[in-house]
Amino acid sequence: MTKDEALRLSLEALSPDPYKSEWAVEEDKCKAITAIKAALEAKDEPVAVDGNTSDGYHTFNELYEFRKAYNVALFNEWASNGKFSVHKSWRHNDGELCFGGGCFIVVAVLPQGQISNHYEAKDWGLFSVLETERALFEFDGHTGSDVVERLKSYAPPQRKPLTDEQAMDAYFETPPFGTYKEAFIAGIRFIEAAHGIKGEA
């Protein structure tokens, strides 16, 4: 008998029933006590946890695929624009195959430190990043929590609109231009600079 069944039987025995005889009530109580003792002595069966285990919204397999897709998009973007050093290898920095073979490591190096993940060989082609004979850097000991914090601290600050005062200051600081077109372009360049966009178009 399971614990749930024992609890149900106990609830029924303790619920008042005016149509039951005193003898029948005592008998139900004895059955409930016996069931509770048996349930307490029984060992709980371990719950199997695998990739299909769900939190009620997503399975572990789905969450793993989400993480991989985000990782691919971010690392490929960084590699294509040269934002950070990103590479992949079948071997760790010490020259050993990742987990004995069949897996590879992909690493990005931010100012805050390394971010790395391991994936199965079938996912090698997803990462369009530099291929190296072995990981370029010695593992810095980062944990999953470290990766989360490094990504959060990397996120650029939220940009806010200029205040009216800032806009008026810019207006008076801007030198006069010969045409409306020149003034319009100068205004765009000022807005770009105020939001961190610099360089030649």
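This report walks through the helices and strands, ring pairs, salt bridges and surface patches of a predicted model.

## Getting started

Residues are numbered from 1 along each chain as its sequence is written. Because the model is predicted, local features need pLDDT of at least 70, side-chain atom pairs count only at pLDDT 80 or more, and totals for chains, interfaces and linings use all residues; side-chain values use heavy atoms, with hydrogens and water left out.

## The overall layout

The chain has six helices and four strands. Here helices (H or I, at least four residues) and strands (E, at least two) are DSSP runs, numbered from the N terminus. Reading from the N terminus, the order is α-α-α-β-β-β-β-α-α-α.

How much of the chain is buried? Of its 201 residues, 22% are. Buried means under 20% relative accessible area, exposed means over 50%, and partly exposed is in between (1.4 Å probe, protein chains only). The areas themselves come from the Shrake-Rupley method with a 1.4 Å probe, and for residues only the protein chains shown count as cover.

## Rings that pair up

Rings of Phe, Tyr and Trp (its six-membered ring) pair if their centres lie within 6.5 Å; planes under 30 degrees apart count as stacked, over 60 as edge-to-face and the rest as tilted. That rule gives 11 aromatic pairs. Take F75 and W78: their ring centres are 5.7 Å apart and their planes sit at 25°, so this pair is stacked. They are three residues apart in helix α3 (residues 60-81), so about one helical turn separates them. F75 is buried at 1% relative accessibility, and W78 is buried at 2%.

W78 also pairs with Y154, with centres 5.4 Å apart and planes at 85°, so that pair is edge-to-face. This one links distant parts of the chain, from W78 in helix α3 to Y154 in helix α4 (residues 144-154), 76 residues apart. Y154 is partly exposed, at 26% relative accessibility. Elsewhere, ring pairs join Y64, W90, F104, Y119, W124 and F127 into a cluster.

## Salt bridges

A salt bridge is a side-chain nitrogen of Lys or Arg within 4 Å of a carboxyl oxygen of Asp or Glu, and the structure holds four of them. K68 bridges to D123, with the closest N and O atoms 3.1 Å apart. That pair ties together distant parts of the chain: K68 is in helix α3, while D123 is in the loop between β3 (113-120) and β4 (130-131), 55 residues apart. Both K68 and D123 are buried.

D123 has another partner, K122, at 3.4 Å between the closest N and O atoms. K122 is exposed, at 59% relative accessibility. Salt bridges link E65, K68, K122 and D123 in a network. D140 and R150 meet in a salt bridge too, 3.0 Å from N to O.

## Patches on the surface

Patches are made of residues with over 30% relative accessible area and no salt bridge: like charges are joined within 9 Å, and nonpolar side chains (Val, Leu, Ile, Met, Phe, Trp, Tyr) within 5 Å. V47, V49, F60, L63, F66 and Y70 make up a nonpolar patch, with about 670 Å² of accessible area together. Its member F60 is in helix α3 and is partly exposed, at 45% relative accessibility.

For charge, Lys and Arg count as positive and Asp and Glu as negative, while His and the chain ends are not counted. The place of a charge is taken as NZ of Lys, CZ of Arg, CG of Asp or CD of Glu. D164, E165, D169 and E173 gather in a negative patch on the surface. D169 lies in helix α5 (residues 164-173).
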